[in-house]
Amino acid sequence: MKNAKKIIRILSWFIFVVYLVALVYFLFFSEQLGRVPSDEYKYSLVPFKEITRYIRYWRAIGSYYVLLNLFGNVLCFVPFGFVLPVISKGQRRFWKILVLSFLTSLLVELIQLVSKVGSCDVDDMLLNTLGGIIGYLMFRICHYIFFGRRRGDVLKKKRKAGDRQ
């Protein structure tokens, strides 16, 4: 069991590093996603303004771009919330993943603002944080399925053994 946990942790570190490299590429360098330097600052500091705009004008914008923006921002942080608790037992609390997802997203948005690549959007921070939370909830479900039941089985066996004595 210890070897399996060690292999999972090493594999998770590898996945996390690959994920971070891909995230940096897509958030700062992907020309297909409009990540080209601009001469002007692009930002939106009003919560839910861009989300509402995308939903209200989805026909004019196109469903592909609406899905890419709204669900893409959520999905890009799901691995963050899932893998971080796997590689670090100290990051297995809901509030820690919530704060780390928010702070990481804030850092990304500030870098986009300062570098004038993409746009700094408070809605992106909300969606990214939601993605981190969803990833964490997925981790909790998987952790319970793989380890929680076993713990319960061990306790049942101990109780039965205690009853026999």
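In the predicted model, F48 is found in the loop that joins β1 (43–44) to α2 (49–56), where helices (H or I, at least four residues) and strands (E, at least two) are DSSP runs numbered from the N terminus. The phi angle of F48 is near 70 degrees, a positive value in a residue other than glycine. Most residues other than glycine have a negative phi. K116 is partly exposed, with a relative accessible area of 22%; buried means under 20% relative accessible area, exposed over 50%, and partly exposed in between (1.4 Å probe, protein chains only).

Residues are numbered from 1 along each chain as its sequence is written. As this is a predicted model, local features need pLDDT of at least 70 and side-chain atom pairs count only at pLDDT 80 or more, whereas totals for chains, interfaces and linings use all residues, and side-chain values use heavy atoms, with hydrogens and water left out.

The protein has 7 helices and 2 strands, which run α-β-α-α-α-α-α-β-α from the N terminus on. Buried residues make up 33% of its 165 residues. Among contacts (heavy atoms within 4.5 Å) between residues at least 6 apart in sequence, 73% join residues at least 24 apart.

Helix α1, with 27 residues, reaches 39 Å from its first C-alpha to its last, close to the 39 Å expected at 1.5 Å a residue, the expected span being 1.5 Å times one less than the number of residues. Within α1, the residues S12, F16, Y19, L23, L27 and F28 are buried, and the buried residues of this helix pack against α5 and α6.

The largest nonpolar core comprises 16 residues, and those with the most contacts inside it are F16, Y19, L23, F77, F80 and L84; such a core is a set of buried Ala, Val, Leu, Ile, Met, Phe, Trp, Tyr and Cys residues joined through side-chain atoms within 4.5 Å. Two or more residues of this core are given by each of α1 (2–28), α5 (78–87), α6 (94–115) and α7 (122–164). Apart from it lies another core, of 6 residues, including V66, L70, V74 and L127. When neighbours within four places in sequence are left aside, F77 is in contact with Y19, L23, S101, T104, S105, N128, G131 and G132.

On the surface, V24, Y25, F26, F29, L33, Y64, Y65 and L68 form a nonpolar patch with about 820 Å² of accessible area together, to which α1 and α4 (63–75) each give two or more residues. Patches are made of residues with over 30% relative accessible area and no salt bridge, like charges being joined within 9 Å and nonpolar side chains (Val, Leu, Ile, Met, Phe, Trp, Tyr) within 5 Å. Y65, which lies in helix α4, counts as partly exposed at 49% relative accessibility.

The structure holds 1 salt bridge, defined as a side-chain nitrogen of Lys or Arg within 4 Å of a carboxyl oxygen of Asp or Glu. In this salt bridge the side chains of E50 and R53 meet at 2.7 Å, N to O, and both residues lie in helix α2, 3 residues apart, about one turn of the helix. E50 counts as buried at 16% relative accessibility, whereas R53, at 35%, counts as partly exposed.

Terms used: Areas by Shrake-Rupley, 256 points an atom, 1.4 Å probe, with all protein chains shown as cover.
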